[in-house]
Amino acid sequence: MTALSNKIQQAFGQIHATDQMKYAAALGVLEREPQRLRPAVRFRKVWRPLVLACLLLFSGAGFGGWYLLETPVSYVSVDVNPSIELTLNRLNRVTGAESRNEAGEMILKEVQVKGRSYLEAVRLLVESDVMQRFLTEDADLIFTVASPRADELLTGLESSEVSILYQGMCRQADMETVASAHECGMSLGKYTIYKRLSEYDASVTAEECQHISMHQLHLRLSQYEDGNDEYHKCDDTGSAEDGCAEGRHHCQETHR
Amino acid sequence: MRSEREVNRAIELYADMIRRICLLHLKNHADTEDVFQEVFLKYILYSGVFESGEHEKAWFIRVTINACKDFMKSLFRRRTVPLEALSEDTASVMPEHQEVLEVVLSLPPRYKDSIYLHYYEGYTAREIGSILHKKENTIYSLLSRGRELLKKELGGDGIE
């Protein structure tokens with residue numbers, strides 16, 4: 001057993017539930033429990049008319065609600081070499097997920113992200129077995145967001161557990177870029193870097209980029225932009241957040 | 001539904017552990033008591049069968065962590081906890097262990113469960129992953145970064 005383990009064992013070993021706490025729990029549980037078993041009766045008497053009224057109201061507003069919930073509002077792409085793009089509704093929940101290459105397709109077979117919050121969906125994608133195989137030491141994990149609420153989404157991504165653990169890079173792109181990326185059959189993140197690369201090297205093609213990992217694309221780009229320190233890894237330090245903000249700023253300008 | 005005898009047995013067996021997990025998340029005596037009751041209420045109403053004692057223990061860990069998180073999300077709950085409330089729960093701890101406890105409690109929330117489950121309860125990364133529904137690799141990273149933070153705060157010497 002290590003010294004750290006010993007210290008933690010000794011410190012936490014002194015924390016105990018008091019007798020008062022145990023007694024209150026036993027009493028509270030056994031007193032409250034019958035009340036928990038009665039809600040069916042109470043529901044019928046009090047809540048059923050109210051619930052029926054609400055159901056009528058909601059069925060009237062159903063189509064409008066469905067339209068609002070299904071309308072794509074934001075796009076988040078997750079790129080390593082597997083490339084996946086999520087479509088989000090107004091509630092930042094995933095309404096669609098599309099793979100942009102074979103590895104991405106395998107991931108979407110492994111995990112179900114539809115209906116989940118974007119952060120939960122991103123976590124599932126990054127932690128999937130297929131994605132884990134690509135997340136080697138030198139891999140680049142890029143999150144690219146196009147949304148009228150990009151700041152909110154990027155803030156969530158930057159402080160998410162997977163972004164911190166796997167040192168994800170967070171960037172913003174314009175909404176117009178989404179259509180251009182889709183025309184090329186690319187994810188938002190990969191398209192963004194492809195466009196920048198093509199500014200320096202006219203021979204580079206979208207098809208070629210689809211098969212190249214984000215890390216390799218960054219390496220190729222850095223040959224032209226040597227000394228441009230714009231890609232900062234997201235970390236739980238203040239300076240790293242500043243770095244992401246700079247990266248975002250650059251992306252916006254690139255596509256204007 | 002479980003009998004009164006089963007509830008009393010579970011309270012005797014898991015009350016200390018639940019109190020420790022509550023301490024990681026809530027740091028407040030009154031909130032701990034609320035979560036305490038919620039956990040045992042869930043237990044009495046839980047109709048599933050536990051395959052073993054370990055299975056039951058893991059269920060209590062998971063339910064307690066979820067109950068703490070739900071409690072923290074509560075709209076009506078005060079978001080800040082005065083410092084006196086923190087010392088209220090750790091006051092009984094011997095001074096030489098108080099520092100360790102406070103350093104663990106001051107870790108960012110994402111590390112605390114893994115650190116506690118590994119170093120106090122003795123679970124492996126794989127077991128913690130299964131309890132917390134996270135990938136084993138994620139737990140390794142959480143443990144590694146959590147350990148670095150602990151070493152930094154407690155001083156690196158003699159805690160390898």
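From the N terminus on, the elements of chain B run α-α-α-α-α-α-α-α, giving 8 helices and 0 strands. Helices (H or I, at least four residues) and strands (E, at least two) are DSSP runs, numbered from the N terminus. The structure is a predicted model, in which local features need pLDDT of at least 70 and side-chain atom pairs count only at pLDDT 80 or more, while totals for chains, interfaces and linings use all residues. Residues are numbered from 1 along each chain as its sequence is written, and chains are lettered from A and ligands numbered from 1 in the order in which they are written.

Of its 160 residues, 36% count as buried; a residue is buried if 20 or more other C-beta atoms lie within 10 Å of its own, exposed if 12 or fewer, and partly exposed in between, with C-beta atoms placed from the backbone. Two residues are in contact if their C-beta atoms, placed from the backbone, lie within 7 Å. Among contacts in chain B between residues at least 6 apart in sequence, 67% join residues at least 24 apart.

How do two helices of this chain meet? Two packed helices are described by the angle between their axes and the distance between the axes. For helix H1 (residues 4-25) and helix H2 (residues 29-45) of chain B, the angle is about 140° and the axes are 10 Å apart. Axes here are lines fitted to C-alpha atoms, for helices over the stretch in contact, and angles run from 0 to 180 degrees between N-to-C directions. H1(B) and H2(B) are therefore oblique to each other: angles under 35 degrees count as roughly parallel, over 145 as roughly antiparallel, 65 to 115 as roughly perpendicular and the rest as oblique. On the H1(B) side, the residues that meet H2(B) include B:Val7, B:Ile11 and B:Cys22, and their counterparts in H2(B) include B:Phe36, B:Phe40 and B:Ile44. The residues of this contact divide into 11 nonpolar, 1 polar and 1 charged. Ala, Val, Leu, Ile, Met, Phe, Trp, Tyr, Cys and Pro count as nonpolar, Asp, Glu, Lys and Arg as charged, and the others, Gly among them, as polar.

Chain A brings strands into the picture. Its 5 strands form an open sheet in the order E3-E2-E1-E4-E5, with mixed pairing; two strands pair if DSSP finds at least two bridges between them. E3 and strand E5 (169-172) are the edge strands, each pairing on one side only. Strand E2 (residues 83-88) and strand E3 (residues 94-99) of chain A run antiparallel and are joined by 5 bridges, with A:Leu86 opposite A:Ala97. These two strands form a hairpin with 5 residues between them, and A:Asn92 in the turn has a positive phi of about 60°. A:Leu91 also lies in the loop between E2 and E3 of chain A. Is A:Leu91 buried or exposed? A:Leu91 counts as exposed because 11 C-beta neighbours lie inside 10 Å.

Finally, the two chains touch: 29 residues of chain A are in contact with 36 residues of chain B. On the side of chain A that touches chain B, the largest share, 11 residues, comes from H2(A).
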